Amino acid sequence: MFTKKTLLQADATGKTVLVRAEFDVPINEFGVITDDYRIRKTLPTIEHLRGLGAKVVLISHLGRPKGAHDAHLSLAPVAQRLSDLLHHKVVFVDDCIGEKRDAAVRSLQPGDVLLLENVRYYKEEEQNDAEFAKKLSKNCDLFVQDGFGVVHRPHASIIGIPAVLPSCAGFLLTSEVTTITDALEAPKRPLAVVIGGAKISDKIAVLKKVVEIADYVAVVGAMANTFLLAEGVAVGASLVEKNALHVAKEILTIAYAKMQQQRFTFYLPQDVVVAKGTDNTLATRVVDISHHTWADITSYPKKPNKASYTVADDELILDIGPMSASVIKGAISQASTVIWNGTAGVTEVVGLHGAAAPFSHGTRIITEALIGDKAGNKNVPFTMFGGGDTVGYVESISGLREQLGHVSTGGGASLDLLSGKQLPGVTALQDAT
């Protein structure tokens, strides 16, 4: 249950409303936004406020500026894209504090929208400077937090402003927190979790939480390498986190104990796709590191040699194999809720000459399980996506995002929420009355 005051509970009619949005979107070298998903997800809040005759002042950050007024990280392209999406001119001011900003706020008419420049141009933003928060809030009556992707940050525009202005949650923030919380606290079961990423240390709390609450957990991606190494499996030159081997062993102990006590599966890849580098011109091979099925079939009637089912010292594990992908797909087909954070392979490497991307096969097979077939003959579970690489993969395939359940706008925030942490930007808001 969402316990903070929401936009529907706030009095915004005719007010000057300061909205913290998350407009940290990819912009190419020509100043063109290549994906506007985060912008579009904030439109319902903006349009609702305009419908109430409110004057809307938007603040956000973009990237990590190295100093004040880094031209490459200006929000000016966002103002243009917002104008197109709203079919209404969005005024842009190249500062977020000061007289130019204050004058622009004073000149707004009901229904107008103003976007201020990147708040991270000022070091006071990340320092949560109280005076900076007051300057950001000047001439505004209400604060609406709608930047889910940043509410895990204790910055001035996130936790400082609610100390100055009456505050509430926008539609996007309310939806994100409610959806993720419901998936954790009251999921429709069976609940399956597919979790990847590079480092176990980044997701220790999440791993422990999902082992506790889920019915099925599959570990994929580079993270699986560390678990495999902890199990005594040779992983060659693959990316591993050796200083987290003890954590992997601890989680394995917890997971295997749960498997002995109740119906629960903790799954590690049985076969993997390897190559001697991530160059898309290099040959790949499938290594069956578990039952050696591939090696047996290939070598029959001879006994397979060890090299055929062992990752060589100079090879990298870059994807899960087809057998592992099929096992995970089968589990998903039986699930009612799926949480997916982290791709199964190095999905950013493109294929050559029309061939499929060499290290995206596992991720593609898992995705197929989530969207079902056109005849509706497959179970299509509610799916919650999080994590930059997972969302990036979804966004790279035209039309895929629209076929899925909840694609989160916040990687770090969704991870913190999944692990049970409090989000500072949510905690700072007024409680519902």
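**From a buried loop residue to the cores**

Let's start at Leu 75, which sits in the loop between β2 and α2 (76-86). The model you are looking at is a predicted one. Leaving out residues up to four places away in sequence, Leu 75 touches Phe 23, Ser 60, His 61, Leu 62, Phe 92, Leu 115, Leu 116, Glu 117 and Asn 118.

Now step back to strand β2, residues 55-59. Four of its five residues are buried, so β2 is largely enclosed by the rest of the structure. Strand β1 (residues 16-20) pairs with β2 in the parallel sense over five bridges, and here Val 19 has Leu 58 of β2 as its bridge partner. To get from β1 to β2, the chain passes through helix α1 (residues 37-51), making a right-handed β-α-β crossover. β2 also pairs with strand β4 (residues 113-116), again in the parallel sense, over three bridges; Val 57 stands opposite Leu 114 in β4.

Finally, have a look at the nonpolar cores. The largest holds 73 residues, and Phe 148, Val 217, Val 219, Phe 227 and Phe 266 touch the most other members. Phe 227, setting aside neighbours within four places in sequence, is in contact with Ile 200, Leu 207, Val 219, Ala 248, Ile 251, Leu 252, Phe 266 and Leu 268. Apart from this core lies another, of 30 residues, including Ala 21, Ala 54, Leu 73 and Leu 86.

Notes:
Residues numbered from 1 in each chain as written. Predicted model: local features only at pLDDT ≥ 70, side-chain atom pairs only at ≥ 80, totals over all residues. Heavy atoms only, no water. Core = buried A, V, L, I, M, F, W, Y, C linked by side-chain atoms within 4.5 Å. Buried < 20%, exposed > 50% of the residue type's maximum accessible area, 1.4 Å probe, protein only. Contact = heavy atoms within 4.5 Å. Helix = DSSP H or I, 4+ residues; strand = E, 2+ residues; numbered from the N terminus. Pairing = 2+ DSSP bridges. Right-handed = clockwise from strand over helix to strand, strands pointing away.
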